Amino acid sequence: MDLRVFDNISFESLYERLDSRWNSNHELKKYIHRAKFDKLLSHLTTGESLLDIGRGGSVDGILGVLAAKKGLNATISNVSEKNLKVIQKFAEIQGVKEQITFVEALPFELPFKDQSFQNVIALHILEHLPDFKQGLEEIRRVSQNKAIVALPTCLNFCAISRLGGSHYFEFSWKSPFSLIYGSWRLLYHAVKGDEGVAEDMEEFGRVNKHLWRFPWKMRKSLKEGGFEIVQFGPDAIPLPWFNAWLPLMRKLDKFSYHPVLKHFGMGSHAVLSKKNQYYE
């Protein structure tokens, strides 16, 4: 993917895109994103340093801003000045703009010394890079030990609905058929042993391939990148289309690290330490 894809997009459109995740009009969509941030924040310790790596995506920088509110020393990187201004506006609204360092940088060419940060965050970033392994190596390089990586994963009804060609956050006549087609695609690629299932994702008129990984493939890739997985779990355990699912989803999320449930998130995250190193 071209990481400069958003260069010609207006500031207003880019901010609306970020805000549509944080303050979505669809309660289901808003809950899934906010549950993800809440879980990731629970792994961060007040007073520590943090780097939130971005590429210009819809949720870039949000976690770094929330971490600053929690009292971490946050640095947020992104690929362009325009994207950084979008994040700065969000940080200003949250009242922590002056507490954050903003740096323009490519995710695989970070201008930081080795082991610069106690925490390094890559929130749905690596799947968009031209070289997944290179991005993971850079995360490992700038981390003192601890990193958190989140990627889209496909073992859930919401992802299956998207892979079948329908929205996950609202019901339409396509929705039942999307589950059938999406399930067939998931089974086909699982039997083939593929990394995951790809969808064509449109962003401001450009179509890019977006890979939804199988959780076991995600775990394997992270281990091959020189990390131990300290904890693995879902960003949120989602059910599609209807807000009536929300009470059940909230209950399921309380047990989301259970060995049975932890692979069924619409996105999964891994808390990582470098091999042969562990944090308390």
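Helices (H or I, at least four residues) and strands (E, at least two) are DSSP runs, numbered from the N terminus. The model is predicted: local features need pLDDT of at least 70, side-chain atom pairs count only at pLDDT 80 or more, and totals for chains, interfaces and linings use all residues. Residues are numbered from 1 along each chain as its sequence is written, and side-chain values use heavy atoms, without hydrogens and water.

**View 1. His124 sits in the loop between S4 and helix H5 (132–142).** Beyond four places in sequence, contacts of His124 (heavy atoms within 4.5 Å) include Lys36, Leu151 and Gly267.

**View 2. The largest nonpolar core has 32 residues.** Such a core joins buried Ala, Val, Leu, Ile, Met, Phe, Trp, Tyr and Cys residues through side-chain atoms within 4.5 Å. Leu44, Val65 and Ile100 have the most contacts inside this core. Its largest share, six residues, comes from H3.

**View 3. Cys154 and Cys158 form no disulfide.** A disulfide needs two cysteine sulfur atoms within 2.5 Å. The Cys158 sulfur lies 13 Å from its closest cysteine sulfur, in Cys154, so the gap is too far for a bond. Cys154 is buried at 0% relative accessible area. Cys158 is also buried, at 0%.

Technical notes: Buried < 20%, exposed > 50% of the residue type's maximum accessible area, 1.4 Å probe, protein only.
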